[in-house]
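Good morning, colleagues. Please turn to the structure that is now being shown.

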Amino acid sequence: LIILSSSFFNIHTFYTADLKQISQSDSQIQSKSPYLPANTLVDFLRISDNKNSLVRTIYSKKDFIQSWTDTLEIVNSPIIGLVPASAHIFDAITSKITEEITILLDIESAQSTLLIGSDLAKLNSYKLPFGYSLYLKDNLKASSKSYFERALNSIALIMKDRNQELPLKINVMGNGLDKLINDKINLPKKF
């Protein structure tokens, strides 16, 4: 099982009633893919809550996934699967947190991925075009402050577009987290 960075995946959730069919050829599903249809792999997860039936779609580039499976075959390792860690971590968080909206920020070197949704239901991902490497300077405290201010501003804009309020806390993960905080520099209050 290979757990890959969330930057290699895009996530969008649909109401089942809005889809003609649950397949990669559905026009609604294709419209949310950031990749060309011929180079897209889509994984579907059906979710039902008390009110709705939903389909979580996870998009990835076909040639990227194929390169991983080819490499594993070359080194003679059995392939169980390639998955994004962030969606599973998001589900674990929402099973414990009772807020209406949950946000998970996955910080990486060149970009950050934002997951916004609720308990095992409507989950969508957004790419923020900056990561921790853009902010690393000699002064870690200033670097951390700058990154998290920009992240919070970006999150606030996305939430405004979605006509939703920011939750009390924004969850943070990723290898960039260790680059932006240490035992003397804590996460800002909102995170």
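Which residue stands opposite Ile11 in β4? The residue is Ile58. Before I go further, please note that this is a predicted model, in which local features need pLDDT of at least 70, side-chain atom pairs count only at pLDDT 80 or more, and totals for chains, interfaces and linings use all residues. Residues are numbered from 1 along each chain as its sequence is written, and side-chain values use heavy atoms, leaving out hydrogens and water.

Helices (H or I, at least four residues) and strands (E, at least two) are DSSP runs, numbered from the N terminus. Two strands pair if DSSP finds at least two bridges between them. β2 and β4, the latter covering residues 53-61, form an antiparallel pair over six bridges. They belong to an open sheet of three strands in the order β2-β4-β3, with antiparallel pairing. Its edge strands, β2 (10-15) and β3 (40-48), each pair on one side only. From one strand to the next, the twist averages 25 degrees.

Helix α2, residues 62-74, packs on this sheet and touches β3 and β4; contact means heavy atoms within 4.5 Å. The direction of α2 makes about 70 degrees with that of β4. Such angles run from 0 to 180 degrees between N-to-C directions, with axes fitted to C-alpha atoms, for helices over the stretch in contact.

I close with the loops. Asn76, in the loop between α2 and β5 (82-84), has a positive phi near 55 degrees, though it is not a glycine. Asn163 lies in the loop between α4 (140-161) and β9 (171-173), and its phi is positive, about 55 degrees.
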